[in-house]
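Please examine the sequence and the three-dimensional structure shown below. The paragraphs that follow begin with a network of charged side chains and then turn to the helices.

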Amino acid sequence: MIRIVVADDHPVVRGGLRALLGSIDGFEVAGEAEDGHGAVREAVEHGPDVLVMDVRMPGLDGIEATRRIGRVAPGVAVLMLTMYEDDDSVFEAMRAGARGYLLKGAQQDDIARAIRAVAAGEAIFGPGVARRVLGYFAAPPSAAEPFPELTARERQVLDLIAAGRANAEIARALAIAPKTVANHISAIFTKLRVADRSAAIVRARRAGFGLGGGPRGPRGTVRDVPDRDADTGM
């Protein structure tokens, strides 16, 4: 019997997944959560074999929740089930420790197969996501850029911090929620091993960040990036 927890901020989606998975022989839905904090709590309290999680949720998103679950409940396999298939979301989820990544709209058999695979310790991706992963590793290496440990979104936030922007200004510039900005800043401090905003600014400006005051692409070029962090719930 594979015990499963479902984490999604949409009640209809959670209810549908619970009904779907509960109807499959060998599956037991042990709990559900409406955000990342709840997902971490359910992982610790119920110790499921698999936690099926959305990427974008308010408060604490699925990627950061996956990272925390890896620390507090490492035996729980996380399978992302989301509508987001952009490279940032896919690779950030992998770095956080997700063992699988499927897009919403996957067939019942594909979801069941993915759950069995990650429960058995395998990694599995939906067809479109798998092509992205293979393409990433097949592509020639790109020129080195500062702070490779940061995601593209975190580099954008760091660039705006270095430009002297306050959190509210960053949220408006990137069209994301202030809470999401705060989560990104916390992750930046942890990854760069700095204690506060001033230390982060010093490191960022030494690397050339903050000169243009806007989102930056590879090698510091300024570019507009479509928002994928807004708390849309999907």
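Asp8, Asp54 and Lys104 are joined in a network of salt bridges, a salt bridge being a side-chain nitrogen of Lys or Arg within 4 Å of a carboxyl oxygen of Asp or Glu. The model is a predicted one, in which local features need pLDDT of at least 70 and side-chain atom pairs count only at pLDDT 80 or more, while totals for chains, interfaces and linings use all residues. Residues are numbered from 1 along each chain as its sequence is written, and side-chain values use heavy atoms, with hydrogens and water left out.

Helices (H or I, at least four residues) and strands (E, at least two) are DSSP runs, numbered from the N terminus. Asp54 is buried, with a relative accessible area of 0%, whereas Lys104 is partly exposed at 24%. Here buried means under 20% relative accessible area, exposed over 50%, and partly exposed in between (1.4 Å probe, protein chains only).

The structure holds nine salt bridges. Another of them connects Asp61 with Arg56, with 3.8 Å between the closest N and O atoms. Asp61 is buried, with a relative accessible area of 19%, and Arg56 is buried as well, at 6%. In helix 5, Arg113 and Asp110 are three residues apart and therefore separated by about one helical turn. Their side chains meet in a salt bridge (3.9 Å, N to O). Asp110 counts as partly exposed, at 30% relative accessibility.

Asp61 also has a place at the start of helix 3, where one of its side-chain oxygens reaches to within 3.2 Å of the backbone nitrogen of Ile63. Which residues of helix 3 (residues 62-72) are buried? They are Gly62, Ile63, Glu64, Ala65, Thr66 and Ile69. These buried residues pack against helix 2 (36-46), strand 3 (50-53), strand 4 (77-82) and helix 4 (87-96), where contact means heavy atoms within 4.5 Å.

Helix 4 has buried residues of its own, namely Ser89, Val90, Phe91, Glu92, Ala93 and Ala96. Just after helix 4, Gly97 adopts a positive phi of about 115°.

Terms used
Polar contact = N/O pair within 3.5 Å; in protein donor to acceptor, adjacent residues only side chain to side chain.
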